[in-house]
Amino acid sequence: MAKDRKQQLLDQRYLKMAEIWAQNSYCKRRQVGALIVKGKMIISDGYNGTPSGFENICEDENNKTKPYVLHAEANAITKVAKSNNSSDGATLYVTSSPCLECSKLIIQAGIKRVVFTENYRLEDGINLLRRANVEVEQVESDSED
């Protein structure tokens, strides 16, 4: 099934926007950005970082990620939950494939499609999404020609 060229361009552009949004992260080891799009409208965004009100330091003195750091997907989903928007049927664009915990949130949020660029070190999140019939697609973000 050939994907519509216009949708391919939109996917690449939203992923570029997610990459730019990732630059807001204070995390040093890895910066991840996410956008939730519904009806060609961005309804939420997120990047990995500490919870509101915490210091903007993601790693401890041994350069390990602190256990309370939120992933970009979780930040985008909780942000949309606080708004008047619904993520039901939406697409999530994220710079890294979701982990298992974020995949559970994606499923529960009613997100029907996940588009990402880089693979996360584990594939259990992607496998769970596919099991839940969420469309999952890996796209190169900078091949717009």
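This is a predicted model: local features need pLDDT of at least 70, side-chain atom pairs count only at pLDDT 80 or more; totals for chains, interfaces and linings use all residues.
Residues are numbered from 1 along each chain as its sequence is written, and side-chain values use heavy atoms, with hydrogens and water left out.

**Stop one: the whole protein.** Show everything as a cartoon. You'll find 4 helices and 5 strands (DSSP runs numbered from the N terminus: H or I of at least four residues for helices, E of at least two for strands). Starting at the N terminus, the order is α-β-β-α-β-α-β-α-β. The radius of gyration, taken over C-alpha atoms, is 15 Å, close to the 15 Å that the globule rule gives for 145 residues, so the protein is as compact as a globular protein of that length (the rule is 2.2 Å times the number of residues to the power 0.38). Along the principal axes, the C-alpha atoms fill a box of roughly 50 × 35 × 25 Å.

**Stop two: helix α2.** Select residues 72-81.

**Stop three: α2 beside α3.** Keep α2 and select residues 100-108 for α3; the two helices pack at about 25 degrees, with axes 9 Å apart. Axes here are lines fitted to C-alpha atoms, for helices over the stretch in contact, and angles run from 0 to 180 degrees between N-to-C directions. The pair is therefore roughly parallel (angles under 35 degrees). Show side chains: E73, A74 and I77 in α2 meet C102, L105 and I106 in α3. By class, this contact has 5 nonpolar, no polar and 1 charged residues (Ala, Val, Leu, Ile, Met, Phe, Trp, Tyr, Cys and Pro are nonpolar; Asp, Glu, Lys and Arg are charged; the others, Gly among them, are polar).

**Last stop: N75.** Zoom in on N75, in helix α2. Leaving aside neighbours within four places in sequence, N75 is in contact with D45, G46, Y47, N48, G49 and L70 (heavy atoms within 4.5 Å). Pick G46: N75 and G46 are 29 residues apart in sequence, yet 5.0 Å apart in space, C-alpha to C-alpha.

Notes
Angles under 35 degrees count as roughly parallel, over 145 as roughly antiparallel, 65 to 115 as roughly perpendicular and the rest as oblique.
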